[in-house]
Amino acid sequence: MYTTSKSVQIIVSLLKQHGINQVVISPGGTNVPIVQGIQDDPFFTCYSVVDERSAMYFAIGLYFETGKPVATSCTSAQATRNYLPGLTEAFYKHVPILAITASKHPKYWGQEYMQAPVQTSLSVDSVKQTFSLPYVDSKIDELHCVRMVNEAILEITHRVPGPVQLNVPILDSVIEVFDVPELPSVRSIKRYMVWDEWNDADLTGKKIMIVAGEHRPYSDNQIAAIDGFVESYNTFVYVNHLSNYHGKYAVSANLAMSCLSQNDFEKSYKPDILITIGGQIGDYYIFGKLQSGNHTDFEHWRVAEDGNIVDTYDKLTKVFECPFELFFTRLTGNRQVEHAYYESWEKLQGSMAIPEELPFSNPYLAQQLHASIPKNSCLNLAIKNSLRTWCYFPLDSSIICNSNVAAFGIDGCMSVFLGQSVATDKLCFLVIGDLAFFYDMNSLGIRHRKKNIRILVVNNDGGAEFKLNSHPYVADTFIAAAGHNGTVKGWAESTGFKYISAVNKEEFLQHKGEFVFESEQSIVFEVFTTPESEAAALKTIHEKSSRSIKDVLKNKVRSVIGDEGVKVLKDIFLGK
Ligand SMILES: Cc1ncc(C[n+]2csc(CCOP(=O)(O)OP(=O)(O)O)c2C)c(N)n1
């Protein structure tokens, strides 16, 4: 029988799945749930060593002889401290040991409660890393715990082996109940190095979605590697502007993703395998569809040179620690396949059409400007509203896009953009809201400046982001910080920019040409919109796109079952 404690069940299950079967146990109360699960399971070989100092050295000896990683378990408080000498020896000797230290719930740490000192403060040269598990009280804690236990176990043998601490909060071992007959099924994560066998990396017959996160423009080699791979599988590459990837099977499907219902995504568009490359994609919609809260089921393979266990969608099963070009080249098959999965996404996105008449807003500006941004320009999009809006509109493939999506701050959008602009003679465009502009306004005075700068400030009096339909609360005064800054005119002119502005469509269209052409002076173009028109524009776009999606899905059904079949279904559902 196993404990009801979820974190302990997860640990025991993952120790087994990762093949760690030697455990050195020191006696105590807090670690009872862990020891109970392990001692009763014939998979494990247990050793009892009372003194924790000795237990850790004993574990080193076991590794010497077997060459296999070892786990240890001790109770809370001073027990952990006594692991230190042995851990230090293991650290410098590179011995893979998982030191599982039971702990009181963090609520008790340092609160003059019995046996509850902070025990995650080991010396830097005693463990490679400390993983402090959450106390599992909800589904999200459980997901957090699964990822961390996998990460801790993988870390003991990652690159250079060594000891790792896994600190496990136990509420109260005395009241623990041990009536769980079987361990739950827990997702185990594997890491593959270049020199490992990749035999189980079989993708044949699967629907594969590659998500290309933010990336500098790809080299010819990188493009060839991706193109070769996508040719030989039923796959497509989900991109947004930050991916800077424009291969044959790329689909910029932000708008479709945002309007597709979860149900339809699950039924018709979800992948079997998701492969992620590059950095963050900065796309809330795809996250919403793929993340676990929505119960969608697929495997996530992460390909990255850092080899980190980044479980963005709570579905990570494999991490390939290598450059993605190596991954793709190694798995490219010598065959041509049908690209039905790509075609269905392409068709879906192709059905999206932005309404011609939009209220005066960031989406309207994007609609009017996107095709006029000259080829070979750079475009930087301030996070959230501007990024999302502009990703709805296609750009010429020669335009390079960036946004501060790695840490999602509004603080440095303009500084990054200006840094880029001084290192090129290309025209450089920035689309930025008023809060982000004023936040980073002193960067406008940086004296290294060329005439290639074009800044579009969408001044909607605060953070429109928080007043769109998705945010139902009253946001104006504090959440959206309206009424702060006025206009950027004075600052733009005093720092040597040409300033132009527009308060309506006519004025905007008058100045549009000037903004996108070469000129002798860099330009700040301030456009005054309202939060209401921003929200209305987004709503109009989403409503029309959702209707288009319904039509695509209807036609999909019709193409399978024919008109007669549709009639029968209608009769059934409409009760005729
Ligand atoms: C440094 C920092 N502070 C706060 C935030 C939270 N935040 C995200 S979007 C946003 C509003 C941005 O407003 P604005 O630049 O005017 O753009 P709009 O939404 O109006 O297009 C804020 C405050 C952040 N991302 N970074």
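Tutor: We begin with a definition: rings of Phe, Tyr and Trp (its six-membered ring) pair if their centres lie within 6.5 Å, and planes under 30 degrees apart count as stacked, over 60 as edge-to-face and the rest as tilted. The model is predicted, so local features need pLDDT of at least 70 and side-chain atom pairs count only at pLDDT 80 or more, while totals for chains, interfaces and linings use all residues. Residues are numbered from 1 along each chain as its sequence is written, and side-chain values use heavy atoms, with hydrogens and water left out.

Student: How many aromatic pairs are there by this rule?

Tutor: Ring pairs link several residues into a cluster, including Tyr192, Trp198, Tyr218 and Phe324. By the rule above, the count of aromatic pairs is 29.

Student: Which class of pair do Tyr218 and Phe324 form?

Tutor: Both residues are buried (under 20% relative accessible area, with exposed over 50% and partly exposed in between, for a 1.4 Å probe and protein chains only). Their ring centres are 5.7 Å apart and their planes stand at 65°, so the pair is edge-to-face.

Student: Which residue lies over the face of Trp198?

Tutor: A charge sits over a ring if NZ of Lys or CZ of Arg is within 6 Å of the ring centre and within 35 degrees of the ring normal. At 3.8 Å from the ring centre of Trp198 lies Arg330.
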